Amino acid sequence: MTRDRVKLVLNILALLLLFSILYFFDRYGSPYHVRILNNMGIFITLAVSYNLVNGYCGVLHLGPNAFIAIGAYTSSLLTMSPLEKQMNFIIEPLMWPLSVLQAPFSLSLICGGVAAALFAFLISFPVFRVRGDYLAIVTLGFGEVVRVLCNASQSVTNGPLGLKGLTPHTNLWWSWGIAVLTLILVVRLVNSSYGRAMKAIRDNEPAAMAMGVNPFRHLLMAFLISAFFCGVGGGLLAHLITTISPTLFTFFLTFNLLIIVVVGGLGSTTGAVLGAILFAWGGEALRVVESPMNLGFMTLPGIPGMRMVLFSVILMLVIIFMRRGIMGHREFSWDWILDKLQRKEAELKKP
Amino acid sequence: MPAPFLSPERNMPMFLKIEKLVMQFGGLTAVDSFSLELQPGELVGLIGPNGAGKTTVFNMVTGTYKPSAGKIHWLDQDITGLPVHQITAKGLARTFQNVRLFAEMTVLENVMVSMHITLQASFWKAMLGLPHYRKEERRIRDEALEYLRELGLAHLADEKASSLAYGQQRRLEIARALATKPRLLLLDEPAAGMNPLETKDLAQLVREIRDKYGLTVLLIEHDMKFVMGLCERIKVLDHGITIAEGTPSEIQSNPHVIKAYLGEPKHA
Ligand SMILES: Nc1ncnc2c1ncn2[C@@H]1O[C@H](COP(=O)(O)OP(=O)(O)OP(=O)(O)O)[C@@H](O)[C@H]1O
Ligand SMILES: [Mg+2]
């Protein structure tokens, strides 16, 4: 068997394994475990697409919360029935035609992604005129603007009241199916000539331009693709928690994604996946620090928000001791494992 | 289409014609009224003391700096002030004085970046891994390897660019520039940091690639032996002003040049 065949078989086996695990949890898992797994899938989608801009293009973009919010609202408004909408929008009625439009979940996710990408396109001209800290501030600003708009546009988003009682469409198949799809597409892109152009811009923009790479075109491409998948992830998130409001999409959400990709290793898709898994699992596992603790001789009161303090500490430790995160720029690859195995075999054969 | 400039007719279209370029940074005039015409196939040197404005000329020709005044014509087109990547696409490529490789990428990938402009398949074909894209990827890889072979770097293809020795990094810069398929190659101090043996090989290499790829070469270099041995024509800049122009032997005996390099003769 050729190397490519072997890798294909291994990939299929890995997917089968993943889906058997999901099947197992879908059938026998507790709601608690299912929720963690759903979060993992969604955060993988979000982190991998966020990493496309921040890790591979080397651009510090701080506004993914805007894309996620737009995806979440768009998709929710499409899956709600006209009657549900009427019941939600009690202060001001939802504006036409949103009030009558309805779409199946799958289509609503795509619309969420497209809406987010459209917004990304609109802001891309001011965003990519600048670089570095300035770009960070501009994107941060747009992220905040979207949240404020969500709060203020009563007749579109229902303002601070948010949208309640969404149908919980998101299940393990959706969250992990989209995660796997995002992974495949993004990995293909970053390993392609387009991905090389993005990495070239990251490593040395003047040199990339001198080699004929148009920076704006490639940054825009990464930005739109990233926004699309963030929007889809937002739609998934909305239909997992079934209640959304502007407070869900603050800079905090961006901060969480930033922790995930930095801890995982900026510019490594494997790192983004690991980071997302650790985050979704850790976020639940660390809940203990927020609940009252009985130490035998005394009881410590639970401090809400303690998890975030811990996350920040972890982030600082990673930045101090592992500047490049868990993975650095490295990636998981079957080649690496197969090479190792072959070398072992060769060593064993030697007398 | 046969290259029109190769025709020996009298009304040849212009190849590169630089007219009275001026570059000012605040109050400093880094380059003043710089003019230069290149014929296809020429090997021309641009020399001058530190800070003379040589790199600034390159930066204007390749679009990095927008000239304060003057015009650059390339194959009958006015390319003054075009964006860098468009100028590269028109067939002008450069190397950098302070090596600017894509440090995190492999040697091969560095060259493949330059081939990106030749890519025909759009990004969604790459994302879906369609055969059209895969075929293009193979072509790019094979051609990039070809350039590495030409520059004697093929055995280092999978090394990280930043792990190369200095002389090799400079060669990789040339490979990368060649991969954009230029007609004019601008080399900014290609021999800097090389030992005498490497420098000798480099001179040989520059001649070879010029002949093989039908290039015109304009190069900046401080190593006089290298420049005098290699270039057919030399232009000398000092404080942004062109102080001499001619064949190597004319330049070597030009009193202005000697003064610029050695300073005013000191009084005892
Ligand atoms: N971006 C810039 N901003 C301000 N001044 C600049 C800039 N680029 C170049 N200069 C100035 O222009 C002058 C010419 O610089 P340039 O780099 O072209 O010199 P050079 O001939 O290449 O010198 P060297 O041999 O040291 O490379 C210098 O005084 C330099 O400080
Ligand atoms: Mg210079």
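**Exercise 1. Find the two domains of chain B in this predicted model.**

Solution. Start with domain 2, which runs over 103–179. Next, collect domain 1, which is written in two pieces, 1–91 and 182–268.

**Exercise 2. How many residues does each domain of chain B give to the contact, and about how much area do the domains bury between them?**

Solution. Begin by counting residues: domain 1 of chain B supplies 18 and domain 2 of chain B supplies 11. Then turn to area. The size of an interface is often expressed as the accessible area lost when the parts come together. Here, domain 1 and domain 2 of chain B bury about 1,200 Å² between them. Carbon and sulfur atoms account for 69% of that area.

**Exercise 3. Which residues form the salt bridge between the domains of chain B?**

Solution. The count between domain 1 and domain 2 of chain B is one salt bridge. Look for E150(B) and K212(B): their closest N and O atoms are 2.7 Å apart.

**Exercise 4. Which element gives the most to the side of domain 1 of chain B that touches domain 2 of chain B?**

Solution. Two elements each give two or more residues to this side: β7 (184–188) and α7 (196–213) of chain B. Of these, α7(B) gives the most, with seven residues. Now sort this side of domain 1 by class: 12 residues are nonpolar, one is polar and five are charged.

Terms used:
Residues numbered from 1 in each chain as written. Chains lettered and ligands numbered in written order. Predicted model: local features only at pLDDT ≥ 70, side-chain atom pairs only at ≥ 80, totals over all residues. Heavy atoms only, no water. Domains from an automatic or database assignment. Contact = heavy atoms within 4.5 Å. Buried area = accessible area lost by both parts, 1.4 Å probe. Salt bridge = Lys/Arg side-chain N within 4 Å of Asp/Glu carboxyl O. Helix = DSSP H or I, 4+ residues; strand = E, 2+ residues; numbered from the N terminus. Nonpolar A, V, L, I, M, F, W, Y, C, P; charged D, E, K, R; others polar.
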